[in-house]
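Please walk through this fold with the model open beside the text.

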Amino acid sequence: MEIEVPDRLSGELADGGHRLLQRVYYEDTDFSGVVYHARYLHFLERGRTDYLRCLGVRQGDMMADENDAGAAFVVRRMLIDFLSAARMDDVLEIFTKTRKMTGARLVLEQRISVGDRALVTAEVTVALVNSEGRARRLPDRLAALFFT
């Protein structure tokens, strides 16, 4: 007998961007039960990765696609403001939105919150690179996904 399991690992496209929910686990916290600052980078990465996935972009496939010359997104710059702390068992909402696109770069706005309380805001610049690590222009079919 086959059991259908709903996909609860994926976020959703909403409000002109992407929303992902993640629970805070013991491993995310320091000895006091507060989320360790570096863990927010993990949550932000999950938000960006799931945003791409919901747009239909499979990063593993991009690396293997000879037509894309082994293209991959890499983080070039991050500006982060830590506003408040999350605690164990909080459910975080990670919101990701494309703010700007130029040539090989995307500027993304990200926010992590618990309910109405903002915890972290970030501006993340990612660049598309080829298999040798050189910047390359976003193909039109890929660029079109970010402002639909």
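Predicted model: local features only at pLDDT ≥ 70, side-chain atom pairs only at ≥ 80, totals over all residues.

Which residue in β5 does T102 stand opposite? T102 stands opposite R105 in β5, and the two strands concerned, β4 and β5, run antiparallel and are joined by nine bridges. Residues are numbered from 1 along each chain as its sequence is written, and side-chain values use heavy atoms, with hydrogens and water left out.

The protein chain contains three helices and six strands, where helices (H or I, at least four residues) and strands (E, at least two) are DSSP runs numbered from the N terminus. Along the sequence these elements follow the pattern β-β-α-α-β-β-β-β-α. Of the 148 residues, 43% count as buried, a term that means under 20% relative accessible area, with exposed meaning over 50% and partly exposed the range in between (1.4 Å probe, protein chains only). Among contacts (heavy atoms within 4.5 Å) with a separation of 6 or more, 64% involve residues 24 or more positions apart.

The six strands form an open sheet in the order β1-β2-β4-β5-β6-β3, with antiparallel pairing; two strands are taken to pair if DSSP finds at least two bridges between them. The edge strands are β1 (12-14) and β3, each of which pairs on one side only. Neighbouring strands of the sheet are turned by 30° against each other on average, direction ignored. Helix α1 lies across β1, β2, β3, β4, β5 and β6 and runs at about 135° to β2, the axes being lines fitted to C-alpha atoms, for helices over the stretch in contact, and the angles running from 0 to 180 degrees between N-to-C directions.

F95 is found in strand β4 (residues 91-102) and is buried, with a relative accessible area of 9%. Leaving aside residues up to four places away in sequence, F95 touches A14, D15, G17, H18, R19, E109, Q110 and R111. One of these, R19, is 76 residues from F95 in sequence, yet their C-alpha atoms are 4.6 Å apart in space.

Side chains of opposite charge can pair when their charged atoms come close. With a salt bridge taken as a side-chain nitrogen of Lys or Arg within 4 Å of a carboxyl oxygen of Asp or Glu, the count comes to eleven salt bridges. In one of them, the side chains of R39 and E27 meet at 3.9 Å, N to O. Because R39 lies in helix α1 (residues 39-54) and E27 in the loop between β2 (17-23) and α1, this pair ties together parts that are twelve residues apart in sequence. R39 counts as buried at 17% relative accessibility, whereas E27, at 60%, counts as exposed.

A further salt bridge joins the side chains of R77 and E123 (3.6 Å, N to O), linking distant parts of the chain, with R77 in strand β3 (residues 72-82) and E123 in strand β6 (residues 117-129), 46 residues apart. R77 counts as partly exposed at 40% relative accessibility. R111 forms a salt bridge with E93, the closest N and O atoms being 3.9 Å apart; R111 belongs to strand β5 (residues 105-114) and E93 to strand β4, 18 residues apart. Salt bridges that share partners join E12, D15, R19, E93 and R111 into one network, and R111 is partly exposed, with a relative accessible area of 32%.

Aromatic rings provide another set of pairs. Rings of Phe, Tyr and Trp (its six-membered ring) pair if their centres lie within 6.5 Å, and planes under 30 degrees apart count as stacked, over 60 as edge-to-face and the rest as tilted; by this rule the count comes to four aromatic pairs. Y51 and F146 form an edge-to-face pair, 6.2 Å centre to centre with 70° between the planes. Y51 lies in helix α1 and F146 in the segment after α3 (140-143), so the pair ties together parts that are 95 residues apart in sequence. Y51 and F146 are both buried. Elsewhere, Y40, F43 and F82 form one aromatic cluster.
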